[in-house]
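Trainee: I am new to this one and would like to walk through it with you. Could we take it one question at a time?

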Amino acid sequence: MTLISTRRNDTVKVVSHNPLVWFARRILSGVAVVWAAATFTFLIQCVMPGDRAQIVINVRSGDVGPAPAAELATINAKYGFDQPLAVQYGKYIWRILHGDLGESYQQHRPVAGIIAEQIGPTIVLAIAALLMAWVIAILTTLLIAGRDNIWSKLLSGAQIFLATAPPYWLATILLVVFAVNLRIFPVVGESSPMGLVLPTLALALELSGFFGQVVLNEFTRVLEQPFVTSARTRGMSDFGVRLHHVLRHAALPGVTLSGWALGKLLSGAILIEIVFARQGLGGVLVAATSSRDVPIVSGAVLISAGLFVTVSVIVDLTYRMLDPRIKST
């Protein structure tokens, strides 16, 4: 534990800065988020209209008619639907703690295995889009911040437009222009690096506009700080001041939003995968939703919550490294 004493007006304040305490708090809050997501998915399964055993039978057989009582009893016994809700909930949480997300009603396979097979391309797409969004946002901000000319106004207007443009709309335009008409990129279903470019752009462009506006406002404010003037008087070039001094401080608000952004990208990636017919969670979730394969949908929600918590902790650590003034609380 680090103790810092500060004296002001003859008073001494002792502040505790223990990174282990901070990390423990972040882990506990993350566990609470995942637990809340697990509870939510359990309740959704319980309040869905219709008998759950009947739904399982209908999904497997493709028949919408009522099932025999004996068959319903077998399903209820197999999945524990005939037990009290408290018992069902306890077993559900216990299985999750052991990595068991249940069994797909339609595929008769563990949900964890199904998601593990498909989540890789979705994560790659989301991370690639996040990195590309930051690259676009940083480059445009370095060019336009603090400048008053036609190009800066055009780029700023483009950021605002992109921040409000739906990714699936951008995806359709990119697909038609660069894949169908110009034939520069593959149209659908391509898993090569070239096939990743258009889906990544479709997700990154909207986010780059959002990041760009957030960073631009802070960048403009930081440009007026005394340390910027001091760096310039030492002979540093304008671009060097912007890149090495201003950007570090101006990017902090955007960094704090990266955790939220990656969660948004994961959900957006599912839609983009459908547009480009890419491998990933998109097709699996669409099929599971249309067939009411609840375990797969619930498993995807839990995995997304876990990824969100993990990314949030990483973002907080990055924020603390970028700004040494931030201390544990």
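Trainee: Which helix holds Arg 52?
Mentor: Before we look, keep in mind that this is a predicted model, where local features need pLDDT of at least 70, side-chain atom pairs count only at pLDDT 80 or more, and totals for chains, interfaces and linings use all residues. Residues are numbered from 1 along each chain as its sequence is written, and side-chain values use heavy atoms, with hydrogens and water left out. Helices here are DSSP runs of H or I with at least four residues, numbered from the N terminus. Arg 52 falls within residues 52-61, and that stretch is helix H2.

Trainee: Is Arg 52 buried or exposed?
Mentor: We go by relative accessible area: buried is under 20%, exposed is over 50%, and partly exposed is in between (1.4 Å probe, protein chains only). Arg 52 has a value of 16%, so Arg 52 is buried.

Trainee: With which side chain does the side chain of Arg 52 make a polar contact?
Mentor: Start with its contacts, meaning heavy atoms within 4.5 Å. Beyond its neighbours within four places in sequence, Arg 52 is in contact with Gln 45, Cys 46, Phe 81, Leu 85 and Gln 88. A polar contact asks for a pair of N or O atoms within 3.5 Å; within protein, one must be able to donate a hydrogen and the other to accept it, and residues adjacent in sequence count only if both atoms are side-chain atoms. At 2.8 Å, the partner of the Arg 52 side chain is the side chain of Gln 88.

Trainee: How many Å separate the C-alpha atoms of Arg 52 and Asn 76?
Mentor: Asn 76 belongs to helix H3, residues 69-79, and with 18% relative accessibility it counts as buried. Setting aside residues up to four places away in sequence, Asn 76 touches Ala 53, Phe 81 and Asp 82. Arg 52 and Asn 76 are 24 residues apart along the chain, and their C-alpha atoms are separated by 8.2 Å.

Trainee: How many degrees lie between the planes of Trp 134 and Phe 211?
Mentor: Rings of Phe, Tyr and Trp (its six-membered ring) pair if their centres lie within 6.5 Å; planes under 30 degrees apart count as stacked, over 60 as edge-to-face and the rest as tilted. Trp 134 is buried because its relative accessibility is 13%, and Phe 211 is buried at 0%. The rings are stacked, 4.6 Å centre to centre, and the angle between the planes is 25 degrees.

Trainee: Which residues do ring pairs link into a cluster?
Mentor: The structure holds six aromatic pairs. One of them is edge-to-face, joining Phe 42 and Tyr 89 at 5.3 Å centre to centre with 65 degrees between the planes. Phe 42 sits in helix H1 (residues 19-47) and Tyr 89 in helix H4, 47 residues apart. Ring pairs link into a cluster Phe 42, Tyr 89 and Tyr 92.

Trainee: Which side chain meets Lys 78 in a salt bridge?
Mentor: A salt bridge is a side-chain nitrogen of Lys or Arg within 4 Å of a carboxyl oxygen of Asp or Glu, and the structure holds three. Here the N to O distance is 3.8 Å, and the partner of Lys 78 is Glu 103.

Conventions: Helices (H or I, at least four residues) and strands (E, at least two) are DSSP runs, numbered from the N terminus.
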